[in-house]
Amino acid sequence: MRTVDVLIVGAGFAGLRALHTFRGIGLDTVVLEADDAIGGVWNFNRYPGARCDVESFDYSYRFSPELEQEWRWTERYATQPEILKYINHVADRFDLRRDVELNTRVQTATLDENSLRWRVTSTDGREWEAERLILAVGQLSAPKNTTYPDQDQFEGRIIHSSRWPREEVDFAGKRVAIIGTGSSGVQMTPVIAEQAAHLTVFQRTANYSIPAANSPVSDEEDRAVKARYRERREAARNSPSGLGFTPDSRSAIEVPEDERNAAFEAAWNRLGFGFALTFKDILLNQESNDTASAFVRSKIAEQIVDPALRKKLIPQDFPFGTRRPSVDSGYFKAFNRPNVELVDINETPITGFTRSGLRTADAERVFDIVIYATGFDAFTGSLLKPVISGRGGMTLQAKWAAGPVSFLGMAVNAFPNMFIIVGPGSPSLLSNVLLSSEEQIDWLADLFAYCRDNRIDAVEATAEAERDWVAHVNERAEETLYLKTPSYYLGAEMPGKPRVFMPYSGGVRGYRRFLEDTAAKGYAGMSMHRAEATAA
Ligand SMILES: Cc1cc2nc3c(=O)[nH]c(=O)nc-3n(C[C@H](O)[C@H](O)[C@H](O)COP(=O)(O)OP(=O)(O)OC[C@H]3O[C@@H](n4cnc5c(N)ncnc54)[C@H](O)[C@@H]3O)c2cc1C
């Protein structure tokens, strides 16, 4: 059994950054990763067209100015291979691999109530003991396991978008089905459409999507960004979503129509995911949102030739932005191709597989490859897989039976010395996730240093602080339009999951104020323990 100061679960962007930072303050740290490679979602989601939808200059680590200067992004929105290459470069440059144990899936983590240390086991029976347990298991790392009847009969190939094979998949001459039109389906459709003989896209929910306006990064742009990178990072930290720009401070409906449409047009052509930030209240006020939704619908309509298809592809029944909008590179135009077909599964549900393809209510369709792009058990999927037991044997599953509760999205009462990175209750998927994870990790490093200086063995969110934070997260959510739409933000994508709004919608800047305030007050809201005794 190895004994460490900090045990981190997950070697994605967050786990690796945490390793570097905690090691940097002298803590003996290990990362356990279930897969045989580092990179998290960027290791798993190798589907054609996969890329980030936050600009790479912002969707990258900020902790090392040298790293910033030496890395050269080739595109405004980097592809998955380039992002994975970056993660591997970081791991080598900062010598991270020696403390990452691959092929190690955490099965249990149990608090020893005397020592207030965590005993962790893996599925293959190995053990660790750690003073602090960090869950960096990801928000979108647990795929939703959609299946249809008779799947085992199918003689073709089935692939899940988030467990994409490492070798290239050859679509040439193939009849391909994509089930799902969330971001993964939206990104892969135009790429596969160009390669396959025939592509059928099965749609349950028509999605809003904004063009990526992707382009190569010129040397000039690269130099310009690098000359002012610190300012850019600060702008991102001080923006609502960590994207580096702030909305127009007016309400969309206060602005004359032609001015509003000009602002939407500019945002449509440049902002991608940030379109929702054109005006301050697009996600707060229905009337304002109506103007944005109408604009996006009209832009989608312009891209689709066939009126019947247009009707099916334009989202009608939920406000723009209340499900995570996609950022695309030619999604809607792909449906103008003669080899691409759309099937609305609300009209003609998939009833099961046949030996040669899929059966819908109206037909049997033949496929060589069926791709599930059906999404994730978001926010809590990977957090609730291992059995994590805190005080009195309370498991995280039991504690979160009615939905996730925490203080600041990071600390959970009855689970001392356990911390979650970019979990529910933090800005998480409503933000530039990488930026949000770095904010939390830096804060935790300060907390751990404080504990060391003050001879504190364990930190735990108080029940009161947890209650107040959950109430605050809910209050902020109630101010928004998010609650109007069943989405993964609300757990609505998973049957049986509690319907609770999970991310913190108060923005990254607002969230940081709480972090700073808590630290400034000597970590108010957290009780400090010494093993076998309570210090404060
Ligand atoms: C296709 C795709 C595109 C995205 N694009 C963006 C974007 O542009 N901008 C943005 O902000 N966010 C984006 N995201 C969200 C993304 O989840 C985060 O940006 C970020 O990469 C998450 O990093 P992470 O380290 O927190 O988690 P992950 O990358 O999910 O890593 C978690 C790791 O934990 C491991 N793990 C889980 N459970 C266990 C266990 N029990 N034992 C051991 N290991 C375990 C997993 O195997 C995984 O490697 C995207 C997500 C996807 C899927």
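## Sheets and ligand shell

Within strand β14, the residue that bridges to Ile-350 is Thr-360, where helices (H or I, at least four residues) and strands (E, at least two) are DSSP runs numbered from the N terminus. The model is a predicted one, in which local features need pLDDT of at least 70 and side-chain atom pairs count only at pLDDT 80 or more, while totals for chains, interfaces and linings use all residues. Residues are numbered from 1 along each chain as its sequence is written, and side-chain values use heavy atoms, with hydrogens and water left out.

Strand β13 (residues 350–353) and strand β14 (residues 357–360) run antiparallel and are joined by three bridges; two strands count as paired if DSSP finds at least two bridges between them. The hairpin that leads from β13 to β14 passes through three residues. From β14, a hairpin of three residues leads on to β15, and these two strands, β15 covering residues 364–366, again run antiparallel with three bridges between them. Here Leu-358 has Arg-365 of β15 as its bridge partner. Together the three strands make an open antiparallel sheet in the order β13-β14-β15, with β13 and β15 as the edge strands, each pairing on one side only. From one strand to the next, the twist averages 25°, axes being lines fitted to C-alpha atoms, for helices over the stretch in contact, and angles running from 0 to 180 degrees between N-to-C directions.

A second open sheet has five strands with parallel pairing, in the order β7-β16-β8-β9-β12. Because β7 (157–160) and β12 (340–344) stand at the edges with a single partner strand each, one side of each is left without a neighbour in the sheet. Neighbouring strands of this sheet are turned against each other by 20° on average, direction ignored. Within the sheet, β8 (residues 175–179) and β9 (residues 198–203) pair in the parallel sense over five bridges, and Ile-178 has Val-201 in β9 as its bridge partner. Helix α5 (residues 183–195) packs on this sheet and touches β8, β9, β12 and β16 (369–372), its direction making about 170° with that of β8; contact here means heavy atoms within 4.5 Å.

The ligand has 35 residues around it, of which Glu-33, Asp-53, Tyr-59, Gln-139 and Val-433 come nearest, a residue being near if one of its heavy atoms lies within 4 Å. By class, this shell holds 22 nonpolar, 10 polar and three charged residues; Ala, Val, Leu, Ile, Met, Phe, Trp, Tyr, Cys and Pro count as nonpolar, Asp, Glu, Lys and Arg as charged, and the others, Gly among them, as polar. Helices α1 (13–24) and α2 (41–44) each supply at least two residues of the shell, and the largest share, three residues, comes from α2.

Polar contacts are pairs of N or O atoms within 3.5 Å; within protein, one must be able to donate a hydrogen and the other to accept it, and residues adjacent in sequence count only if both atoms are side-chain atoms. A nitrogen atom of the ligand lies 3.0 Å from a backbone N or O atom of Ala-34, an oxygen atom of the ligand lies 3.4 Å from a side-chain N or O atom of Trp-42, and an oxygen atom of the ligand is 3.2 Å from a polar backbone atom of Val-54. Of the 980 Å² of accessible area that the ligand has on its own, the protein covers 96%, as computed by the Shrake-Rupley method with a 1.4 Å probe, where for residues only the protein chains shown count as cover.
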